[in-house]
Amino acid sequence: MKKLFLLMMVAVSVVACKQTTSTGYKITVAYPDDSLNGDTVYLTSYDSGDTLQTAVINGNTCLLEGTVEKSYYARLLDANGRHGFIVEPGEYTFNLADGTANSPLNTKFQAITKEMETVEQDTTIAEDETNDAFAALAWKAFEENRDNAIGPWAFYNHLMYKEYNEAQIDSVIALAPAEYANMVRVQKAKIAAHQLTVTGVGQPFTDFAVTGQDGKTVRLSDFVGKGKPVLLDFWASWCPPCRAEMTNLKAIKVKHGDKLDIVSVAVWDAPEASRKAVDELGMTWNVVIGNKNLTEPTDLYGVKGIPTLVLFDGKGTIVGRGYGCEPLIEKIESLAQ
């Protein structure tokens, strides 16, 4: 299974621009139709998520104007989702229908994401190799663009794909320009590295609680550390690799259901969508769904992409982690003897 984070990362639109020497930008966002006429769109910081500017769609276009001292990677949020591009000086036509681009930085950026899409679509590459390939491509992009807007984006995505632990990440951050250390996403990557260390193989389980819409609270400790091995699955209904992984979980349930428990925790998802998917996917094992879009469990386990599975022995010690069941099969078979 491919790590879902990559699907969010490479599904971007880009900007076509006419280069100018001023620091002003004028972005015309062109929609394929007028179905969003009158809606407000939000230009946001990719790093912090802060709203930088708003505009109203008039017919099938909207206009964003301003100044930029230093080009940066941003996201445009509308009712259809989020669209990534680089804000740089000049006049831009942001064509959401075909993603055309002819500005210098966006052309480079598009070439990088195309390379990543090629890796994503290569079914002959194993999961771990895919993530290593993404990390390597992101590092190459960072080194070639450390002084422009592509650099911070590439550096952060390298941190997301590379499973750095707490002892490693500071030395990697030290290789980047000093201002990178203050990026919100880099700080979050440091926190994730710490959590990955404390929830790594050989560590005791970290408990968490989820309150459902019925008001009842379910804890991981209700299942883990009770004498039976447990396979914990972080998933979401909108995640294609998560949905595909259910076939493997069903097979494990059939083969080892009497000797191993499966617990699927719905994260990063609307509760109603999660509940609907349980029936659609035939999930007959333990499923935990909260009363909100859950992020706490994945924060505690340093999860950066889903599906992530964590395997505990009967005492609650973590004995394996992986993106999907494939890396854990041997350990599952051993524990379920």
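**Close-up views of a predicted model**

**View 1. Lys304 is a buried residue that forms no salt bridge.** In this predicted model, the nearest side chain of opposite charge belongs to Glu163, 4.1 Å away, whereas a salt bridge requires a side-chain nitrogen of Lys or Arg within 4 Å of a carboxyl oxygen of Asp or Glu. Lys304 lies in the loop between helix H9 (296-300) and strand S14 (308-312). Its side chain reaches two backbone oxygens: that of Leu159 at 2.8 Å and that of Lys162 at 3.0 Å.

**View 2. Helix H8 (residues 271-281) has buried residues on one side.** The buried residues of helix H8 are Pro271, Ser274, Ala277, Val278 and Leu281. They lie on the same side of H8 because they cover an arc of only 120° around the axis. Lys276 and Asp279, on the other side of H8, are exposed. The packing partners of the buried residues of H8 are strand S11 (230-235), helix H7 (240-256), strand S12 (261-266) and strand S13 (286-288). Just after H8, Gly282 adopts a positive phi of about 65°.

**View 3. Phe134 and Tyr161 form a tilted pair of aromatic rings.** A pair of aromatic rings is described by the distance of the centres and the angle of the planes. The count for the model comes to 17 aromatic pairs. For Phe134 and Tyr161, the ring centres are 4.8 Å apart and the planes stand at 40°, so the pair is classed as tilted. This pair links distant parts of the chain, 27 residues apart: Phe134 belongs to helix H3 (residues 127-144) and Tyr161 to helix H4 (residues 150-161). Phe134 counts as buried because its relative accessibility is 1%, and Tyr161 counts as buried at 2%.

**View 4. Phe208 and Tyr301 form an edge-to-face pair.** The ring centres of Phe208 and Tyr301 are 6.2 Å apart and the planes stand at 85°, so the pair is edge-to-face. Phe208 is in the loop between helix H6 (184-198) and strand S9 (209-211), and Tyr301 is in the loop between H9 and S14; this pair, too, links distant parts of the chain, 93 residues apart. Phe208 counts as buried at 7% relative accessibility, and Tyr301 is buried with a relative accessible area of 0%.

**View 5. Ring pairs join several aromatic residues into a cluster.** The residues linked in this way are Tyr46, Tyr73, Phe109, Trp153 and Tyr156.

Technical notes: Residues numbered from 1 in each chain as written. Predicted model: local features only at pLDDT ≥ 70, side-chain atom pairs only at ≥ 80, totals over all residues. Heavy atoms only, no water. Helix = DSSP H or I, 4+ residues; strand = E, 2+ residues; numbered from the N terminus. Buried < 20%, exposed > 50% of the residue type's maximum accessible area, 1.4 Å probe, protein only. Lys, Arg positive; Asp, Glu negative; His and termini not counted. Polar contact = N/O pair within 3.5 Å; in protein donor to acceptor, adjacent residues only side chain to side chain. Arc of directions from axis to C-beta. Contact = heavy atoms within 4.5 Å. Phe/Tyr/Trp six-rings, centres within 6.5 Å; stacked < 30°, edge-to-face > 60°.
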